[in-house]
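Subject: Structure for you to look through

Hello,

Please find the structure below, followed by notes on what was found in it. Keep the view open while you read.

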Amino acid sequence: MNPEERDGDLTRQPQDSEKALERSLRPTTFQEYIGQTQVMANLETFVHSARREERTLDHCLLFAPPGLGKTTLAHIVAHEMEVNLHISSGPAIDKKGTLAGLLTNLARGDVLFIDEIHRLTPAVEEALYTALEDFEFDIIIGEGAHAKSVKLPLQRFTLVGATTRKGMLQKAFQDRFGIQLRLDYYEPKDLTEIVRRSADIMSIGLNDDSAKEIARRSRGTPRIANRLLRRVYDFAVVQQKSGIDREIARYALNQLGIDDAGLDELDRRILQTLVVDGNGGPLGIKTLSAILGEEAETVEDVYEPYLIQQGYLQRTSRGRIATPKAYKHLGTKLPRGHQASLDLEENND
Ligand code: ADE
């Protein structure tokens, strides 16, 4: 492990050590990457084609819930194209000048990764348009009557934009990206392999059953799987086990508040709120997040997509609804007529 990535510096914040852990486990080549088979095979083709013809890669847009590897993909693209990677994010590029600074620093073919690209301001987004299309940047020099517009030439570069929310991007902006990829939650078998690979890198002994158990309860998300692996390992260390077995994995995951279905405490509170306070729903996102004391964006982007994918929750035009699976999970009796109202919502959508 790179010395700066070690967790020994006690002045660091916990997030730093988590980030360092993530970095040390991150695959950097197509070869090392596990899962998302179709998406990765396509991306590999686009990269190889660009390399063979010595072109720069078209701009890429990635859609995915948090933790599925959008940054990892940008690293792989840059590594495989043998160019530099520059990392920024929508909220960090708050002015046109910041964007100008980033763009004028790029060498030919470099990858600029902008995370949370849906959070760029309209002015910055507009400035990015010409840069993406014509590889020029319009700047205004001087003020008032002396102000004049100058076009700065840019090197041809590749923008990799990432967002959790497809609906938040203007169609015209989205159309600027020749490559659009969508990452979905990982299959349990792929996540199991990721857990095994990470355990190998960290020299943690774990058997197949425990790798499966950790993977099964990680919401289809490598970032969560790697974090849980680390935390389960802590329990094994304290209990003086030589490695992780299924028993210690199950014990640790329960202690961490992750239930048998892989839902965490906030997942359960969301379902509980819908079922108890909302009488099953529909409950609007604002009301739901106010009751939970959480940001609506966190509930919408981080929690709901998995609950929907797993069939615990439905999003409808009138609000969120708990499904019979949610009632069953909470051990609560389904009220009479709830199924009928769900069917009605489904037909109306
Ligand atoms: N670590 C995190 N995500 C990974 C992936 N998709 N493949 C291999 N290792 C990973």
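How many residues does helix α3 have, and how far does α3 reach from its first C-alpha to its last? Helix α3 (residues 70-81) has 12 residues and reaches 17 Å, close to the 16 Å expected at 1.5 Å a residue. The expected span is 1.5 Å times one less than the number of residues in the helix. Helices (H or I, at least four residues) and strands (E, at least two) are DSSP runs, numbered from the N terminus.

Before the rest, two notes on conventions. This is a predicted model, in which local features need pLDDT of at least 70 and side-chain atom pairs count only at pLDDT 80 or more, while totals for chains, interfaces and linings use all residues. Residues are numbered from 1 along each chain as its sequence is written, and side-chain values use heavy atoms, with hydrogens and water left out.

Overall

The protein has 15 helices and 9 strands. Its C-alpha trace spans about 70 × 55 × 40 Å along the principal axes. Of its 349 residues, 45% count as buried. Buried means under 20% relative accessible area, exposed means over 50%, and partly exposed is in between (1.4 Å probe, protein chains only).

Among the buried residues of α3 are K70, L73, I76, E80 and M81.

Helix α2 (residues 37-52) has 16 residues and reaches 22 Å from its first C-alpha to its last, close to the 22 Å expected at 1.5 Å a residue. Its buried residues are V39, M40, L43, V47 and A50. Seen down the axis of α2, these buried residues fall within an arc of 90°, so they line one face of the helix. The arc is taken from the directions from the helix axis to the C-beta atoms. The face of α2 turned away from the buried side carries the exposed residues T37, Q38 and R52.

The ligand

Which residues surround the ligand? They are L25, P27, E32, Y33, I34, Y186, I194, R197, P222 and N226; a residue is near the ligand if one of its heavy atoms lies within 4 Å of it. The protein covers 93% of the 260 Å² of accessible area that the ligand has on its own; accessible areas come from the Shrake-Rupley method with a 1.4 Å probe, and for residues only the protein chains shown count as cover. Helices α7 (188-201) and α9 (222-238) each supply at least two residues of this shell.

A backbone N or O atom of I34 lies 2.9 Å from a nitrogen atom of the ligand. An N or O atom in the side chain of R197 is 3.1 Å from a nitrogen atom of the ligand.

Backbone details

A cis peptide bond, with omega about 0°, joins G281 and P282. P282 is found in the loop between α11 (265-277) and α12 (285-292).

F135 is in the loop between α5 (122-134) and β4 (136-141), and S203 is in the loop between α7 and α8 (208-216). Are these residues buried or exposed? F135 counts as buried, at 9% relative accessibility, whereas S203 is exposed, with a relative accessible area of 64%.

Regards

Methods:
A polar contact is a pair of N or O atoms within 3.5 Å; within protein, one must be able to donate a hydrogen and the other to accept it, and residues adjacent in sequence count only if both atoms are side-chain atoms.
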